[in-house]
Amino acid sequence: MLSLYQLFKKYENLALLNKFIFMYINHYVNLRSYLKVSLIRGIAMGGGAALAIHGRFRVVTDNTLFAMPETALGSFPDVGSSYYLSRLPGFFGEYVGLTGARLDGAEMLACGLATHFVPLEKLSSLEDALRKANTGDPEIINNIIHDFSNKNPKLKEKSHYFRLKTINSCFSRRTVEEIISALEEEGDKNMDDWLSWTIQTLKKASPTSLKISLRSIREGRLQGVGQCLIREYRMICTVLQGKVCRDFFEGCRALLLDKDKSPKWEPSKLELVSKQMVDCYFAPLDDEDWEDLKLPVRPNLTSYAISKL
């Protein structure tokens with residue numbers, strides 16, 4: 001995210017930036033023709049996490065940490081995130097995408113972001129076994145990973161996933177304003193640390209980012225991964241163009257550069273972000289050098305290479 005910010009600040013040329021982003025997403029789409037095994041060890045956040053999640057086999061471990069923190073930076077979950085977040089149980093994807101909640105390996109397995117959990121001390125042995133097998137047969141690969149797996153890692157006492165009932169009740173609401181209102185109503189009944197954190201996190205995030213992220217995930221429920229990538233490409237180009245809102249640049253300044261952690265969002269309140277402003281992120285850009293993302297056609301893509309969520 002910081003590299004993207006610095007590239008744009010250096011060149012301020014949308015056509016050049018288009019080429020950069022196109023190559024990035026196109027590289028991801030090209031990878032889809034291979035059967036991928038993603039070994040997710042350590043921190044996996046934002047676009048990097050998204051690249052791993054689209055693999056058929058997604059192996060997590062004891063020190064895995066997953067998050068989509070984009071709304072705190074003035075952006076939105078991209079690189080196909082609206083496809084997989086929208087397919088998590090209930091409205092857990094909206095919760096993860098809007099709050100940037102951090103999930104460990106056990107939580108990723110429980111919600112379907114991961115397919116296997118392998119203890120950290122066994123991960124190197126798994127890598128060796130996969131290299132030795134040297135096969136693209138999904139059944140053989142699955143059996144190998146299964147042999148090293150912990151089938152039922154224990155969720156922590158304060159796991160986000162234990163709050164799924166409340167998440168479904170609140171994050172199923174139509175708008176961000178209604179989601180926050182529903183959370184506050186829950187808090188009036190019985191405020192606790194999780195509710196307080198969730199409410200405050202949403203109130204600190206970029207209002208524009210929250211609104212476009214919610215709409216993106218909702219639209220992703222009805223779209224394939226290719227459609228999600230095309231739409232998200234429009235969205236990120238609009239974010240970086242900065243004509244509707246410059247929150248991405250302010251978020252990067254406050255959190256990644258100056259690190260004062262006090263971004264000044266503009267618009268500063270959810271009610272000031274109009275439907276017309278949100279619509280701009282989902283429409284083609286008004287720029288003569290810009291064109292929609294064109295994904296390569298892959299008619300012979302085998303079903304085993306596609307992520308199963």
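Colleague: Which helices each supply at least two residues of the lining of the largest cavity?

Modeller: Keep in mind that this is a predicted model. The largest cavity has a volume of about 50 Å³, and its lining includes Thr 208, Ser 209, Ile 212 and Phe 248. The helices that each supply at least two lining residues are H12 and H14.

Colleague: Thanks! Which helix gives the most to the lining of the largest cavity?

Modeller: The lining also takes in Gly 74, Val 239 and Tyr 281. With three residues, the helix that gives the most is H12.

Colleague: How many cavities of 30 Å³ or more does a search of the whole structure find?

Modeller: A probe the size of a water molecule, rolled over the atoms, shows where empty space is left. With the whole structure searched at a limit of 30 Å³ or more, the number of cavities found is one.

Colleague: And the largest pocket: which helix gives the most to its lining?

Modeller: That pocket holds about 640 Å³ of space. Its lining has 19 residues, with Pro 69, Ala 72, Thr 201, Lys 204 and Leu 255 nearest the centre. H11 and helix H14 (247-257) each supply at least two lining residues. The helix that gives the most, with four residues, is H11.

Colleague: Let's turn to H9. Why do the buried residues of H9 line one face of the helix?

Modeller: Helix H9 spans residues 164-171, and its buried residues are Leu 164, Thr 166, Ile 167, Cys 170 and Phe 171. Seen down the axis of H9, these residues line one face because they fall within an arc of 160°.

Colleague: Which helices are among what covers the buried residues of H9?

Modeller: Those buried residues include Ile 167 and Phe 171. Their cover includes H5 (92-99), H10 (176-190), H11 (193-204) and H12 (207-220).

Colleague: Which residues touch the most other members of the largest nonpolar core?

Modeller: In soluble globular proteins, nonpolar side chains tend to be buried together. The largest nonpolar core here has 54 residues. Phe 66, leaving aside its neighbours within four places in sequence, is in contact with Tyr 84, Met 108 and Leu 113, among others. The residues that touch the most other members are Phe 66, Tyr 84, Phe 92, Met 108, Leu 113 and Phe 171.

Colleague: How many residues are in the second, separate core?

Modeller: This core includes Phe 76, Val 239, Cys 245 and Phe 249. Val 239 and Cys 245 also line the largest cavity. The number of residues in the second core is 14.

Terms used. Residues numbered from 1 in each chain as written. Predicted model: local features only at pLDDT ≥ 70, side-chain atom pairs only at ≥ 80, totals over all residues. Heavy atoms only, no water. Buried < 20%, exposed > 50% of the residue type's maximum accessible area, 1.4 Å probe, protein only. Arc of directions from axis to C-beta. Contact = heavy atoms within 4.5 Å. Core = buried A, V, L, I, M, F, W, Y, C linked by side-chain atoms within 4.5 Å. 1 Å grid on protein atoms, 1.4 Å probe; cavity = no way out; pocket = protein on both sides within 12 Å on 5 of 7 lines; lining within 4 Å. Points joined across faces, edges and corners; volume = space filled by probe spheres on them.
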